[in-house]
Amino acid sequence: MSSATVTVSNIGGSRLTLGFDRFDRLDLDRHLAVHGKLRTPVLEDVVRMAEQVDMRGRGGAGFPFARKLTAVAARVVHPSADQENLLPGERGGSRRPGADAVVVVNGAEGEPGSGKDKVLLCRAPHLVLDGAQIAATALGTQRIVVAVEDDQAARSVRAAITERRMPARVVRLVERFISGESGAVIRAINGETPIPPGVKVRAAESGVDGCPTLLSNTETFAQLAVLTSLGPDLYASAGTEDEPGTTLLTIGKTRVVEVPYGTPLRTVLEHCDVRPGPGVLAGGYHGMWLSPQGANRAVLSRKGMQAVGATVGAGIILPLAEGTCPLGEVTRIASYLAAQSAGQCGPCRLGLPDIVRALNALSDGSGTVADVKRAAGIGRGRGACSHPDGTARFVVSAMDAFAADIDAHRMGGACGLPTFGVLPLPVPDGSEGRIAIDWSRCDGHGLCAYLVPELIQLDRYGFPVVLGTDIPVWMERDVARAVSMCPALALRVTTGIPRSPARGS
Ligand code: SF4
């Protein structure tokens, strides 16, 4: 999605999007004219301001920014510090004499429904870089890395870095759903496989090159720049008492809206001329579905969304259009999420395919909601990263939000609506592979189900049932082996198939 195809607007005034009504992109001169000269307060002042307005990360987890900054600062040992003068308890660990902190702007938007960070990187890159500069100066470092996913954002940020002669570098990330997870971003910058590490490592302790690293989302840095420019009192003049400020939302993929915290969701949908349809997804594909009634009551703040059992997350709001099958759409996205896994843990390798199988069975009337919830609950809290839990949350919330549609599937094996595929997914590039079986050859040896149980299981007659997802990257070798070992030469891999609802074949 090009940032030019996204409509940007605001409710109640603009801060991050200031100047967007006049300029497509704020180069340095325009940025200075709109936002003024950069101020770089000392660490204590940055922490105090962030604490005063309870500034949270805008990448989805909502972690307090001041705590993250303080944790990194506590790990930084400047070249002048003498380890010999430290008390024994202060030595060792990951404190490295001379190790500068690294500031990482996480520009990954692996969520197909998100576009707000790319809009900032493309249209207000200096605001993001101001925030990174403020954090870096507070930490006494010049090491800034901006991790981005696409060419347009990379070009914009590189141009801005050149304009302000900033010693920062841009790193390109692969576009995958899990590539924006903080551990995956650090690994990508370090030249490793860009997937979340199997063991949780805090970036503040050991991040880029093993140095203490402050990694935060693009919007978070832009918010830090606005906070520093306005000061905490003026910053808090928008939003609620508990949650001051504004936030960026991506509505239905093609609209980005800046709103003050505390704005009712229905006001935002009306502003965008969008109807809630049969349900609204809040927080993206690791978020939760709201029924139209829930969407009507929802208020855009942590507290307000909690009250209806949802979250603002990374600000992704996806109303489902009328006329498409809700269960088919949910199954389609669950299938995509299963194929996007890193395959590092049981909940990803086996749990996500089980969820898709349970959804397929529910769609054709042979399964139950309890089966889906059981499949979603088995791996809860046991994943190597948040992907299995987030996917389970997305699926389980759909069971309540779309109860009427699911009842129709339970009773008749279908609801009568086609699945149009309206929820956004990355455009297939033709390289995606899927398993197919030549039924004129297959004689039910079952070897394939033994070799790739994640993707193939046997039915009660001993014939293979294929999970209709793209083949995850981590399974490609196993699938190739299964294809080469099929005694009847019945198993093959097809490519270039458009994504459709996952079905057993
Ligand atoms: S290994 Fe080949 S022949 Fe045997 S069940 Fe699988 S596809 Fe059919």
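Trainee: What makes up the area that domain 2 and domain 3 bury between them?

Mentor: Domain 2 and domain 3 bury about 990 Å² between them, with 70% of it on carbon and sulfur atoms. Buried area is the accessible area (1.4 Å probe) that two parts lose on being put together, summed over both. Tyr285, His286 and Trp289 supply 71% of the area that domain 2 buries against domain 3, more than any other three residues. The model is predicted: local features need pLDDT of at least 70, side-chain atom pairs count only at pLDDT 80 or more, and totals for chains, interfaces and linings use all residues. Residues are numbered from 1 along each chain as its sequence is written, and side-chain values use heavy atoms, leaving out hydrogens and water.

Trainee: Which bounds do domain 2 and domain 3 have in the domain assignment?

Mentor: Domain 2 is given as 246-319 and domain 3 as 326-412; such bounds come from an automatic or database domain assignment. Eleven residues from domain 2 and 15 residues from domain 3 take part in the contact, a word that means heavy atoms within 4.5 Å.

Trainee: How many salt bridges are counted between domain 2 and domain 3?

Mentor: The count there is zero. A salt bridge needs a side-chain nitrogen of Lys or Arg within 4 Å of a carboxyl oxygen of Asp or Glu. The side of domain 2 that touches domain 3 has six nonpolar, five polar and no charged residues. Here Ala, Val, Leu, Ile, Met, Phe, Trp, Tyr, Cys and Pro count as nonpolar, Asp, Glu, Lys and Arg as charged, and the others, Gly among them, as polar.

Trainee: Why is histidine 409 called buried?

Mentor: Buried means under 20% relative accessible area, exposed means over 50%, and partly exposed lies in between (1.4 Å probe, protein chains only). Histidine 409 has a relative accessible area of 5%, and is therefore buried. Its contacts, leaving aside neighbours within four places in sequence, include Cys325, Leu362 and Cys415.

Trainee: Why is arginine 39 called partly exposed?

Mentor: Arginine 39 has a relative accessible area of 46%, so it is partly exposed. Leaving aside its neighbours within four places in sequence, arginine 39 is in contact with Ile134 and Thr228. The side chain of arginine 39 reaches the backbone oxygen of threonine 228 at 2.6 Å.

Trainee: What makes helix α7 mostly covered?

Mentor: Seven of the eight residues of α7 (residues 182-189) are buried. Helices (H or I, at least four residues) and strands (E, at least two) are DSSP runs, numbered from the N terminus. The buried residues of α7 pack against β2 (102-107), β3 (144-148), β4 (168-172) and β5 (213-217). Glycine 191, whose phi is positive, near 80°, follows α7.

Key: Polar contact = N/O pair within 3.5 Å; in protein donor to acceptor, adjacent residues only side chain to side chain.
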